[in-house]
Amino acid sequence: MELGVARKTILEIGRELAKDGLVAATNGNISMRLDETTVLITATGKNKGRMQAGDLLLARFGALPPPGASMETGLHLLIYQARPEVRAVIHAHPPKATAWAAANLIPGGEADILPEIALNLGKIGLAAYAEPGSEALALAVREALAQGNAALLANHGAVSVGDDLWQAYDRLVLLEHYAQTMLWAHLLGGAKPLMRN
């Protein structure tokens with residue numbers, strides 16, 4: 001992908017994440033795979049709704065993260081290495097999904113409850129807690145994404161992936177919507193798994 005287009009897309013996604021309340025203040029990080037060796041990723045400590053082009057840095061596979069890059073650069077790079085088809089990664093702290101993560105629960109448990117979630121997200125994983133920015137967290141997230149396109153990070157937040165950044169964003173929105181829907185379903189007495197033929 002052309003660098004200028006990638007920068008513009010990440011800045012737009014950052015504004016959408018902030019506007020929709022899926023990140024707060026400076027948390028979260030966004031990246032796009034530019035080619036087989038390079039990823040464009042957000043800098044650390046930047047409000048996603050007010051980023052500028054200079055807040056996006058180039059990271060390369062097999063090299064140290066550039067100075068000022070997100071502390072989760074290693075996590076993003078490991079996802080791309082494990083899932084060659086993935087072209088975009090978003091890590092955010094959507095409040096409803098993060099509430100499930102803080103409870104160490106997956107909305108719907110192991111069952112498929114809503115068909116649009118099963119079709120778009122696949123199996124939602126739950127990465128065991130590890131310190132932010134650590135290799136242990138990156139490895140846990142890689143495992144949690146092995147069978148799906150979104151995962152919760154215990155006591156931390158969520159990650160979504162996609163063929164492009166808009167697909168990753170839409171999947172994060174779906175995860176947040178699912179988290180809210182499942183909370184209401186539990187309050188109403190429980191959710192019923194999909195009945196398959």
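How many of the ten residues of helix 2 (residues 73–82) are buried?

## Helix 2

In this predicted model, seven of the ten residues of helix 2 are buried, so the helix is largely enclosed by the rest of the structure. The buried positions are T73, L75, H76, L77, L78, I79 and Y80.

H156 is located in the loop that links strand 6 (150–153) to strand 7 (157–162). With a relative accessible area of 11%, H156 is buried, because that value falls under the 20% cut-off.

The side chain of H156 forms a polar contact of 3.2 Å with the side chain of H91. Leaving aside residues up to four places away in sequence, H156 touches E72, H91, H93, T98, A101, P132 and L137.

## Crossing of helix 3 and helix 6

Helix 3 (residues 95–102) and helix 6 (residues 165–187) have axes that come within 7 Å and cross at roughly 65°. The crossing is left-handed. On the helix 3 side, the contact is made by P95, K96, A97 and W100. Helix 6 contributes L175, E176, A179, Q180, M182, L183 and H186.

By residue class, the contact of helix 3 with helix 6 comprises seven nonpolar, two polar and two charged residues.

Notes
Residues are numbered from 1 along each chain as its sequence is written. This is a predicted model: local features need pLDDT of at least 70, side-chain atom pairs count only at pLDDT 80 or more; totals for chains, interfaces and linings use all residues. Side-chain values use heavy atoms; hydrogens and water are left out. Helices (H or I, at least four residues) and strands (E, at least two) are DSSP runs, numbered from the N terminus. Buried means under 20% relative accessible area, exposed over 50%, partly exposed in between (1.4 Å probe, protein chains only). A polar contact is a pair of N or O atoms within 3.5 Å; within protein, one must be able to donate a hydrogen and the other to accept it, and residues adjacent in sequence count only if both atoms are side-chain atoms. Contact means heavy atoms within 4.5 Å. Axes are lines fitted to C-alpha atoms, for helices over the stretch in contact, and angles run from 0 to 180 degrees between N-to-C directions. A crossing is left-handed if the near helix is turned anticlockwise from the far one by less than a right angle, and right-handed if clockwise. Ala, Val, Leu, Ile, Met, Phe, Trp, Tyr, Cys and Pro count as nonpolar, Asp, Glu, Lys and Arg as charged, and the others, Gly among them, as polar.
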